[in-house]
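User: I have a protein model open and want to learn how to read it. Where do I begin?

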Amino acid sequence: GDWRGILCVLQLCLYKIRTCGAKRGRTGNGRGILLGTPDTVGGKALKIFVKRENWSDGIWMQLPATKEEAEQVRRSLERQHPSMMLPFVGAVDSRFPELEERLVGELVFQEKNLDRLNQLAERLGSLNGAEEMLFRAAFRMEAPYTTEQILETLGHLDRYRLHPEIGNLEELGRYLSQEETSQLPERLEAYVDYAGIGRLRQEDR
């Protein structure tokens, strides 16, 4: 059905209200080493703070990372903090701050984890403005929890549609009810609680 696309707009409106003026990303404890080149428009979209247990410091690694860059991080970790503990994501710096809660704690170099993190960074970096808005709304609705699930969400953004004409609960309610109320006499339309309809759909998502 169209419910995903319909709710997408309301999620976008709420996101804008709640995050207006908020800072993006994190800088960790400020003592980490940054490997790679500075962020640029159209460049790397994601940085992770690679660390180990029982170590307050770590190393920032920009993604997507080449094999050489990843190996450089491995060697730096071994020099600074030799340990049998596996490196994991300690913090995330991204224009999508909602990713941090999902990615922190992920092992970095085990199995295909780094490949998936690189894929995530590449996909995020390729989003245009409209796709970014769709992703933020889809993320709030689907609440993906792992890197694989976030990639799945990014892979079906075409299920969602932007409705820029809908800017509040009442307009959402009117959109949802347009077929049912099309035959409603004009004198009775004043009694329809469109904002309530929109609110109920938001709560039912």
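Analyst: Begin with a term for helix pairs. Angles under 35 degrees count as roughly parallel, over 145 as roughly antiparallel, 65 to 115 as roughly perpendicular and the rest as oblique. Keep in mind that this is a predicted model. Now take one pair. α5 and α6 pack at an angle of about 130°.

User: What is the handedness of the crossing of α5 and α6?

Analyst: The α5 and α6 crossing is right-handed. On the α5 side, F135, A138, F139 and E142 make the contact. On the α6 side, I150, T153 and L154 make it.

User: At what angle do α4 and α6 cross?

Analyst: The axes of α4 and α6 cross at roughly 30° and come within 10 Å. The cut-off for roughly parallel is under 35 degrees, so α4 and α6 get that label. Their crossing is left-handed. From α4, the contact uses R116, L117, Q119, L120, R123 and L124. From α6, it uses T147, E148, I150, L151 and L154.

User: How do I read the sides of a helix?

Analyst: Start with the general idea. An α-helix has 3.6 residues a turn, so residues three or four places apart point the same way. Now look at α6, which spans residues 147-155. Its buried residues are T147, I150, L151, T153 and L154. They sit on the same side of α6, because they cover an arc of only 155° around the axis.

User: Which exposed residues does the face of α6 turned away from its buried side carry?

Analyst: That face carries E152 and G155.

User: What covers the buried residues of α6?

Analyst: The cover includes α3 (100-103), α4 (113-126) and α5.

User: Which residues does E132 touch, not counting residues up to four places away in sequence?

Analyst: E132 touches R95, F96 and L127. With R95 there is also a polar contact, side chain to side chain, at 2.8 Å. E132 and L157 are 25 residues apart in sequence. Their C-alpha atoms are 9.7 Å apart in space.

User: Where are N54 and E111?

Analyst: N54 is in the loop between β2 (46-51) and β3. E111 is in the loop between α3 and α4. Exposed means over 50% relative accessible area. N54 has 74%, so it counts as exposed. E111 has 75%, so it counts as exposed too.

User: Which residues does a cis peptide bond join?

Analyst: L63 and P64 are joined by it, with omega about 0°. P64 lies in the loop between β3 (59-63) and α2 (67-80).

User: How many helices and strands does the protein have?

Analyst: Nine helices and four strands. Along the sequence the pattern is α-β-β-β-α-β-α-α-α-α-α-α-α.

Conventions
Residues are numbered from 1 along each chain as its sequence is written. This is a predicted model: local features need pLDDT of at least 70, side-chain atom pairs count only at pLDDT 80 or more; totals for chains, interfaces and linings use all residues. Side-chain values use heavy atoms; hydrogens and water are left out. A polar contact is a pair of N or O atoms within 3.5 Å; within protein, one must be able to donate a hydrogen and the other to accept it, and residues adjacent in sequence count only if both atoms are side-chain atoms. Contact means heavy atoms within 4.5 Å. Buried means under 20% relative accessible area, exposed over 50%, partly exposed in between (1.4 Å probe, protein chains only). Helices (H or I, at least four residues) and strands (E, at least two) are DSSP runs, numbered from the N terminus. The arc is that of the directions from the helix axis to the C-beta atoms. Axes are lines fitted to C-alpha atoms, for helices over the stretch in contact, and angles run from 0 to 180 degrees between N-to-C directions. A crossing is left-handed if the near helix is turned anticlockwise from the far one by less than a right angle, and right-handed if clockwise.
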